[in-house]
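Here is a short briefing on one chain.

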Amino acid sequence: MGADYYRHSGKFSTAGVVKTLALGSLAASVFGAIYAYAILYIPLAGTVSFLLSGGYGIVTGFCAGLLLKSGLIRNRKIGWFCLLFCQLVGYYVTWAVWIHAMVARAGGELGLGILFFPPVLVQAILKVNEVGAWSIGSGGEPVTGALLWLFWLGEVVIIFGACLVSISQLDEPFCESCGVWCQEHKGVAALHPMAPQDLRQVLEQRQYEYLDLAQEPSEMPLHVRLDLHQCPQCQETCSVSGRLVTTTLKDGNITTQSEKAVNQLLISRDEATALRNLHLLEKAQEESPLEE
Ligand SMILES: [Zn+2]
């Protein structure tokens, strides 16, 4: 019997895409304008500005991701496209606002409206690259040319990279019969650690009797956590995922790392109930041990 893992149907609604493109671009533009002022008035090249770039990408991607989810997009390619589109619009606005604000700060005047004409913006960017906008350290020479291009390239990679991380918001299974996203139930069971391939085999073959429940997972440095996704309406669309959780205590701080071992294995409603009731199974085994 081949195991079935959840995969998106690839379906999407045009209205959902249009809504994501419109509202997502609007959000990206607003955040882009804020980001432009932030990098202009917090003039620290390096870590701080790159943190701001990452933050800008994350909030934009998060908003667009929420819109994709509420628009019931079950298609990763469409998801990628929407995220990229919104971030591109936001990135353009960032440049326009940044140059407008920088010229204004220097006492000049360059209308924001005209900067929305791409050839004008490109000319302005080339000019900034030629004369530089900031320097490293106080009193240093302004950064220009190739080095400035390189800096801007790094900024692009961070902004878009951080934005695209949001595609993971579309990772949850979707119940096609009810038209809703499945609900996540984290940690329906905690198990003694086992190798990922063993966990996969036990779950795929429904040998739940081999799952050994861990009583105090919080005290175990290594354990397996089972997460369930279930349709909140019909309860019929269900999937189980398994993660290897490592907890380390360092300088009084507890850090938890987890690694996916089984991802969205489709199971029936009864099997989902069985997994949630693993403790009952364990109790029954104690009372009447399996005969050899
Ligand atoms: Zn359903």
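Four strands make an open, antiparallel sheet in the order S3-S4-S5-S6. Its edges are S3 and S6 (253–267), each of which pairs on one side only. Neighbouring strands are turned against each other by 25 degrees on average, direction ignored. The model is predicted.

**Sheet pairing and covering helices**
- S3 and S4 (residues 222–230) run antiparallel and are joined by 6 bridges.
- Ala190 stands opposite Arg225 of S4.
- Helix H6 (residues 196–204) lies across S4, S5 (238–250) and S6. Its direction is at about 40 degrees to S6.
- Helix H7 (residues 269–276) lies across S3, S4, S5 and S6. It runs at about 145 degrees to S4.

**Glu184**
- Glu184 sits in strand S3 (residues 183–191).
- Beyond residues up to four places away in sequence, Glu184 touches Glu172, Asp227 and His229.
- Glu172 is 12 residues from Glu184 in sequence. The C-alpha to C-alpha distance of this pair is 7.9 Å.

**Nonpolar cores**
- In soluble globular proteins, nonpolar side chains tend to be buried together.
- The largest nonpolar core here holds 31 residues. Phe31, Ala64, Leu68, Cys82 and Ile159 have the most contacts inside it.
- Two or more residues of this core come from each of helices H1 (14–41), H2 (47–70), H3 (76–105) and H5 (145–164).
- H3 contributes the most to this core, with 9 residues.
- Ile159 is in contact with Ser53, Tyr56, Gly57, Gln87 and Tyr91, leaving aside neighbours within four places in sequence.
- A second, separate core has 17 residues, including Met194, Leu203, Val240 and Leu275.

**Domains**
- The domain assignment gives domain 1 (14–170) and domain 2 (174–287).
- Their C-alpha centres lie 40 Å apart.

**Confidence**
- The average pLDDT of the chain is 90. A score of at least 70 is reached by 94% of the residues.
- Which element has the lowest mean pLDDT, and which the highest? Helix H8 (residues 278–287) is lowest, at 77. Strand S1 (residues 174–175) is highest, at 97.

Methods. Residues numbered from 1 in each chain as written. Predicted model: local features only at pLDDT ≥ 70, side-chain atom pairs only at ≥ 80, totals over all residues. pLDDT = per-residue confidence, 0-100. Domains from an automatic or database assignment. Contact = placed C-beta atoms within 7 Å. Core = buried A, V, L, I, M, F, W, Y, C linked by C-beta atoms within 7 Å. Buried ≥ 20, exposed ≤ 12 C-beta atoms within 10 Å, placed from the backbone. Pairing = 2+ DSSP bridges. Axes fitted to C-alpha atoms, helices over the stretch in contact; angles between N-to-C directions.
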